[in-house]
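Dear colleague,

My notes on it follow directly after.

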Amino acid sequence: MTMKAPEDLLAKVRQGNRFLLTSHVSPDGDSIGSALGLARVLRGMGKGALIWSIDPVPGVYRKLPGADRIHTGEAAPGGFPERFDAIVALECPSLDRSGLDEPLSASGLPVLNIDHHLGNQHYGQVNWVDTAAPSVGEMVYRLGRSLNVTLDDETANLLYLTIVTDTGSFRYSNATEAAFEASAQLLREGARPELVSQWLYESRPEPAMRLLGEVLSSMEIHDGGRIATALVTRKMMARAGADASHTEGLVDYPRRVAGVQAVALLREREDGTTKVSLRSRGEVDVEKIARSHGGGGHKNAAGFELQGTPAAGRAQVVEALQEALKEA
């Protein structure tokens, strides 16, 4: 792991005055926390920063400091692109994963690519890709240190949250020495684990909890207990009074079944397509499955899109997971 951010990235950040920050579709804790954290680092340097996400912020993250200022949807924010000096793409292995690749590419603005995905396409004018990093938020922390920016408590909380979410609360294989070292330093900077835990685990909206019940009822076990799948349909969300923002973290529940090595959550979208979220243990590589379907992610956590309904795609996904288990 390269401890310090690269000099070409530091130079671009020092030179610019106003930055547009973005990340991947279906934002998660790392993408939101790292963007909000970096925005605060930049503002601490006297620079402007605006976050643009094509998808809305999931309900569990809407109370994070600054989340209400994130610009969402396909419509460009006011003053784009003329008022900006550069685009910072965070945790986004390819620019099209942002869902905003057409306006971002057409803007002519330089792209600064900060990521930890294995399949990153190095599409930026500057590329800082550290596949050993436990989260992109941990990279933002190192960037802030390289820029000699002192973090305030809220920034430390946001960056600590990215490590907690991307390591599964320090349960996954990426809960490395670097993850614990960065977490310890962020606590020294003012991060409060009890507050972050409250944000993540003790502030779930009622519709999210009712949807969890629906999802667990849909769970099926395959391959002699080694694979679990669950569905989220539009009818299930309607019964729970939930929306897509309430699905964050649901894929982790089937993974808790004893003996399960690979999990898929298939969620029906409004346009009739299905989002597939994959999780696995050990040497079971689900990133390879996602990449073969135009998606991406990490070895043990990845996702992609399928045409058709979740029920129709279930057998295809189980077959792919069975192959991954054989290869492992």
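**Cavities, a helix pair and an open sheet**

The largest cavity is lined by T22, S23, P27, S31, I32, A35, I51, W52, S53, V57 and I70. Please bear in mind that the model is a predicted one. The space in this largest cavity comes to about 80 Å³. Two elements, helix 2 (29-44) and strand 2 (48-53), each supply at least two residues of its lining. Sorted by class, that lining holds seven nonpolar and four polar residues, with no charged residues.

In total, two cavities of 30 Å³ or more were counted. The second largest cavity holds about 40 Å³ of space, and its lining consists of L9, V13, F19, L38, L42, V88, L112, I114 and L143. Helix 1 (7-15), helix 2 and strand 5 (111-115) are the elements that give two or more residues to this lining. By class, the lining of the second largest cavity has nine nonpolar residues, and neither polar nor charged ones.

**A helix pair**

Two packed helices are described by the angle between their axes and the distance between the axes. For helix 4 (residues 136-146) and helix 5 (residues 153-166), the angle is about 145 degrees and the axes lie 7 Å apart. Helix 4 contributes G137, E138, V140 and Y141 to the contact, while helix 5 contributes L159, T162 and I163. The residues of this contact between helix 4 and helix 5 comprise four nonpolar, two polar and one charged.

An open sheet is formed by six strands in the order 7-8-9-10-12-11, and its pairing is mixed. Strand 7 (220-222) and strand 11 (296-298) are at the edges, and each has a single partner strand, so one side of each is left without a neighbour in the sheet. From one strand to the next, the twist averages 20 degrees.

Strand 9 deserves a separate description. Which strands pair with strand 9, and in what sense? Strand 8 pairs with strand 9 in the parallel sense over six bridges, and T229 has A264 in strand 9 as its bridge partner. Strand 9 (residues 262-268) and strand 10 (residues 274-280) run antiparallel and are joined by seven bridges.

Is strand 9 buried or exposed? Seven of its seven residues are buried, so strand 9 is largely enclosed by the rest of the structure. In a regular strand the side chains alternate between the two faces of the sheet. In strand 9, A262, A264, L266 and E268 point one way, V263, L265 and R267 point the other way, and all are buried.

Helix 8 (residues 206-218) lies across strand 7, strand 8 (227-232) and strand 9, and runs at about 135 degrees to strand 8. Helix 11 (residues 310-327) lies across strand 7, strand 8, strand 9, strand 10 and strand 12 (301-306), and runs at about 155 degrees to strand 8.

With kind regards

Key
Residues numbered from 1 in each chain as written. Predicted model: local features only at pLDDT ≥ 70, side-chain atom pairs only at ≥ 80, totals over all residues. Heavy atoms only, no water. 1 Å grid on protein atoms, 1.4 Å probe; cavity = no way out; pocket = protein on both sides within 12 Å on 5 of 7 lines; lining within 4 Å. Points joined across faces, edges and corners; volume = space filled by probe spheres on them. Helix = DSSP H or I, 4+ residues; strand = E, 2+ residues; numbered from the N terminus. Nonpolar A, V, L, I, M, F, W, Y, C, P; charged D, E, K, R; others polar. Axes fitted to C-alpha atoms, helices over the stretch in contact; angles between N-to-C directions. Contact = heavy atoms within 4.5 Å. Pairing = 2+ DSSP bridges. Buried < 20%, exposed > 50% of the residue type's maximum accessible area, 1.4 Å probe, protein only.
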